[in-house]
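Student: I'd like to learn how to read a structure like this. Can we go through it together, one feature at a time?

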Amino acid sequence: MTTDPATAPDDVPASAAQPWHLAASDAERVVADFEHALICLCEAFGRYNLQGLAGVPGEVSFSGQDNMVLHIVQTLDRPKSLSDISRFMNRDDLANIQYSVRKLLKAGLIEKASDRSARGTTYRSTDAGRAVVADFVARRRELVLAPAEEMEQLREQLRGATKVMSHFIGLYDQAARVLTTRG
């Protein structure tokens with residue numbers, strides 16, 4: 001028997017009224033709700049990042065990942081290798097990162113910095129790339145950070161959320177390694 005959330009008793013949250021294959025207990029429901037929020041956050045963050053390169057002229061079609069790669073290359077204003085970028089993003093799909101780098105090179109937002117590094121080819125932002133990053137940072141301050149400043153206790157909540165997310169990154173990375181090796 002399933003319960004209609006609209007007719008669930010007042011003391012039972014609507015989310016708990018329906019059975020969920022990922023959540024047979026309250027503890028499992030808490031994790032499943034966290035994972036659902038994480039999925040929604042990732043998608044919203046992806047749409048937001050996509051807009052970071054929306055105004056760049058040219059025929060290149062950018063993704064949110066391309067914007068993230070540009071920001072990583074710009075970080076600390078030091079050249080980055082492909083392995084630096086992949087480590088920063090916690091990604092192992094180097095081919096997709098290389099694709100982003102090629103698009104950013106073609107658009108003139110980054111350039112090769114050196115082939116002499118022990119890390120191989122490194123990339124740095126061009127003047128045009130730094131201008132795009134500066135514009136994005138200004139819009140981020142206006143649209144995300146300024147409204148967030150008005151939320152009481154947000155900094156402490158973000159510190160706690162970051163710790164929780166870091167913990168889950170470790171759990172999911174370990175689970176992926178186990179699933180890969182155990183078939």
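Predicted model: local features only at pLDDT ≥ 70, side-chain atom pairs only at ≥ 80, totals over all residues.

Student: Which residues is Asn49 in contact with, leaving aside its neighbours within four places in sequence?

Tutor: Gly64, Asn67, Met68 and Phe136. Asn49 itself sits in helix H2, which covers residues 26-50.

Student: Is Asn49 buried or exposed?

Tutor: The idea is to look at relative accessible area and compare it with a cut-off: buried means under 20%. Asn49 has a relative accessible area of 3%, so Asn49 is buried.

Student: And what does the other end of that scale look like?

Tutor: Exposed means over 50%.

Student: Which side chain does the side chain of Asp127 make a polar contact with?

Tutor: That of Arg130, at 2.3 Å.

Student: Where does Leu143 lie?

Tutor: In helix H6, which runs over residues 127-149. Leu143 has 57% relative accessibility, so Leu143 is exposed.

Student: Which residues form a nonpolar patch on the surface with Leu143?

Tutor: Val144 and Leu145. Together, the three have about 240 Å² of accessible area.

Student: Now the whole chain. How many helices and strands are there?

Tutor: Seven helices and three strands. To see their order, read along the sequence: the pattern is α-α-α-β-α-α-β-β-α-α.

Student: What share of the residues is buried?

Tutor: Of the 183 residues in the protein chain, 25% are buried. Asn49 is one of the buried residues.

Student: What about the accessible surface of the protein chain?

Tutor: That surface is about 12,800 Å², and carbon and sulfur atoms account for 57% of it.

Student: One last thing: how do I read contacts across the sequence?

Tutor: Look at how far apart the partners are along the chain. Take the contacts between residues at least 6 apart in sequence: 46% of these join residues at least 24 apart.

Notes. Residues numbered from 1 in each chain as written. Heavy atoms only, no water. Helix = DSSP H or I, 4+ residues; strand = E, 2+ residues; numbered from the N terminus. Buried < 20%, exposed > 50% of the residue type's maximum accessible area, 1.4 Å probe, protein only. Contact = heavy atoms within 4.5 Å. Patch = residues over 30% accessible without salt bridge, like charges linked within 9 Å, V, L, I, M, F, W, Y side chains within 5 Å. Areas by Shrake-Rupley, 256 points an atom, 1.4 Å probe, with all protein chains shown as cover. Salt bridge = Lys/Arg side-chain N within 4 Å of Asp/Glu carboxyl O. Polar contact = N/O pair within 3.5 Å; in protein donor to acceptor, adjacent residues only side chain to side chain.
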